[in-house]
Each structure stands twice: as C-alpha cells, then as structure tokens.
Amino acid sequence: MGAIWGTSRIVVVSHGLAFKFPRVRLGEAWETLKYRFRTRSLWREFVYTVYQVFSLKWILLKGVVDNWKEYRFYRKTRHPFLQPTYVSLLGLLNIQRAGRPLGDSSEALWHQLYELTGGAVLGDGHHFENPNNFCTSGRRLRILDYGGPETQRIVSEFGLKIFEEFNLNYKFDGWEETS
C-alpha cells in the first residue's frame, strides 16, 4: 500500500480499491494570502474559479471539486470507459475500483488517443498524455482520473469509441510522410 501524489489529489490503493483524498495545501494558501494582501490584490480571489491555477480556491478546493465531479459524472453516465467510482463523501474522499496504471507507454497511448479523437485530446493534454491516468480492465482501456470538465467533455464525445476501438497492441511508428 502506497500513496500516489497527484496535482490535486492523493490516492491510496488497498485491497482492490483506490481511496482518493483532496490535496489541501495550507502552506501555499497562507503564502498566497500574504502575497494578495501585500500587493492589494485580494479582490482577484473573488473572481477566480477553482480552475485558476494557484488561486486560493485552486490550492484549497480543486481536489474536493474534482472528487465530487468525478463521482457525479460516473453516477450520471455509468460510462464503460470510466473506472467505476463507487462512493464520494462530498468530495472529501472518493472510493474507486483500483486499476494498475499503464506506466511508460505514453507515446503509443498519446498517438492512438489522438487518432481516435481526431485530435480532441489536445484540449486536455494533462490527462490524456499521462499513461498513469489509464488502466486496463478486461482487455479494455479505462480512464482513472476524470474529474475535470474538459476530460468529461472528451469522454462524453469520444469515450465509447476509445473503449471499443483502443488497441492494446498498438505501436507508434512515427508520422507517415505525405508527398
């Protein structure tokens, strides 16, 4: 049992389950708050969303929001491409079926996802480029991290195609040159 530290969440895997906890960066929040007071820019924190990187909302709440949105998206869609999220305690803890991340197959993964989505994955490179956000189950690709709005949009539009057509034996040989 070990912890996996992501950008906004910490994942602990045990007994076939993944326990996702939000990362709350109190030290960074304090430093940001001091900076805002010093520069008289505290007002900006009221207009920023949780997706504004390094805002107080992002530092303190992004993991909670991602957990809750991930759970709601799975409950709403039950999409086969999604690794199931069984329960969420208001975003403070998500319990998901564990999956072994793909590891170092990033180039082949990225290029195949690019092809299957007609390039739409470029809109969310953080999630779709990282093989640690994917696992296999029953010889099918599944996504482990799907709390972000752009990730959910791409899954809604292309997830079924990815689920049905993704080839685990795909090898990327480079871009073909056209004359």
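Start by selecting β6 (134–137) and strand β7 (residues 140–143). These two strands pair in the antiparallel sense over four bridges; pairing here asks for at least two bridges found by DSSP. Strands are DSSP runs of E with at least two residues, helices are runs of H or I with at least four, and both are numbered from the N terminus. You are looking at a predicted model, where local features need pLDDT of at least 70 and side-chain atom pairs pLDDT 80 or more, while totals for chains, interfaces and linings use all residues. Residues count from 1 along each chain as its sequence is written, and side-chain values use heavy atoms, without hydrogens or water.

Now zoom in on the turn of this hairpin. Two residues lie between the strands, and Gly 138 takes a positive phi near 60 degrees. Show Ser 137 as well: its bridge partner in β7 is Arg 140.

Next, click on Asn 133, in the loop between α5 (125–128) and β6. Is Asn 133 buried or exposed? Its relative accessibility is 9%, so Asn 133 counts as buried (buried is under 20% relative accessible area, exposed over 50%, partly exposed in between, with a 1.4 Å probe and protein chains only). Leaving aside residues up to four places away in sequence, Asn 133 touches His 126, His 127, Arg 142, Ile 143, Leu 144 and Asp 145. Contact means heavy atoms within 4.5 Å.

Time for the helices. Select α1 (residues 26–38) and α3 (residues 56–77), whose axes come within 8 Å and cross at roughly 155 degrees. Axes are lines fitted to C-alpha atoms over the stretch in contact, with angles from 0 to 180 degrees between N-to-C directions. The two helices are therefore roughly antiparallel (over 145 degrees; under 35 is roughly parallel, 65 to 115 roughly perpendicular, the rest oblique). For the contact, display Leu 26, Glu 28, Ala 29, Thr 32 and Leu 33 of α1 with Leu 56, Ile 59 and Leu 60 of α3.
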